[in-house]
Amino acid sequence: MKKTFLKLTALLGLFLLPFTAFAEEPIQSLNKMSQAMRDLNYEIAFVQTTPTNMDSFRYRHIKQGQKVYAQLVTLDGEQQEIIQRGNLVSYFQPGSSAFTINSGEIVDALPAVIRTDFSKLSQNYDFIKLGKDRIAGRFVDTIRIVPKDDFRYQYLIFLDEENSLLLRGDMLDREGKLLDQFRVVTLYIDNRLRGLTDYLNKVSVPPLLSEGKQESSLSINWKTDWLPQGFDLVRQNQDVIDGEVIENALFSDGLFTFTLYVNKADSTAAKENTWKQGAYTIYSEVMGDKEITFIGQLPIAAAKRIVQGVTFLK
């Protein structure tokens, strides 16, 4: 009897082991993706698609020692170019003066999921491995990132089986409707891309934009009483446009972001406005003599609750 029990226990252990390993695998795959996007030398052509628009880009990424070089170029219409050299990112756009900002990465057109801290994200999302697929002629592992509440969207991502690079990312609403898609069309990996740094170093560095008003000197007299779990304040600023002060605060949970704007209400402003396009929601509401506007990647119900939770300090 004892031998039978021990045998059954051993078999049960063998049966459970793969499931335990499988449960840990999605976050390990996601962390490998983040590292690959940071450390490999690669070139991708990709399309970014929303329900109403599609744009195509080429992105090149080179790492030399601890310094990162990158280039993002539009492939449709007039050429627009963004160049990263270390902690400086420069923007070149037709009809506008080129400028440079302090930043350690290019964020335009690239999905936020490649910059996410997945250990922190796991507090508010579940990671589910779905199996294999094929993107851009390459085999991929498919992982679904599902929120644990109803106040944010979900992600379906496809990681190159060989090198862990992100080849596709679908942002979906709770019903599975596509809101935004990043999809690689061609992929090129080679250390010879390091030669691109010679070109990037020869491009003149445009003027560096001055920093806005520092947070320590801000005098903001409002606060948010409710945020979805995991969202934190990233930064807050005051801007003056046509003599009017507009206060804004950026929030993020590491995957999705939104900004709150507070300004003096116009006498003709509607009591409430809602606009939705793809992943972005714009919701505004007038409270007393102030207009509060939400712009970001959350469902309308969450946007409305956040705005209505803003209170003003006396």
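Keep in mind that the model is predicted.

Let's start with H61. You'll find H61 in strand 2, which spans residues 53–64. Is H61 buried or exposed? H61 is buried, because its relative accessible area is 4%, and the cut-off for buried is under 20%. Now look at its side chain. The side chain of H61 reaches the backbone oxygen of R38, at 3.3 Å. R38 is also among the residues that H61 touches. Leaving out residues up to four places away in sequence, the list runs M37, R38, D39, L40, N41, Y42, V68, Y69 and A70.

Helix 1 provides the largest share, four residues. By class, the lining has seven nonpolar, six polar and five charged residues.

Last stop, helix 4, residues 300–308. A302, A303, I306 and V307 are buried there. They sit on the same side of helix 4, because they cover an arc of only 130° around the axis. As a reminder, an α-helix has 3.6 residues a turn, so residues three or four places apart point the same way. What do the buried residues of helix 4 pack against? Four strands: strand 15 (257–264), strand 17 (280–287), strand 18 (290–296) and strand 19 (310–312).

Key: Residues are numbered from 1 along each chain as its sequence is written. This is a predicted model: local features need pLDDT of at least 70, side-chain atom pairs count only at pLDDT 80 or more; totals for chains, interfaces and linings use all residues. Side-chain values use heavy atoms; hydrogens and water are left out. Helices (H or I, at least four residues) and strands (E, at least two) are DSSP runs, numbered from the N terminus. Buried means under 20% relative accessible area, exposed over 50%, partly exposed in between (1.4 Å probe, protein chains only). A polar contact is a pair of N or O atoms within 3.5 Å; within protein, one must be able to donate a hydrogen and the other to accept it, and residues adjacent in sequence count only if both atoms are side-chain atoms. Contact means heavy atoms within 4.5 Å. Ala, Val, Leu, Ile, Met, Phe, Trp, Tyr, Cys and Pro count as nonpolar, Asp, Glu, Lys and Arg as charged, and the others, Gly among them, as polar. The arc is that of the directions from the helix axis to the C-beta atoms.
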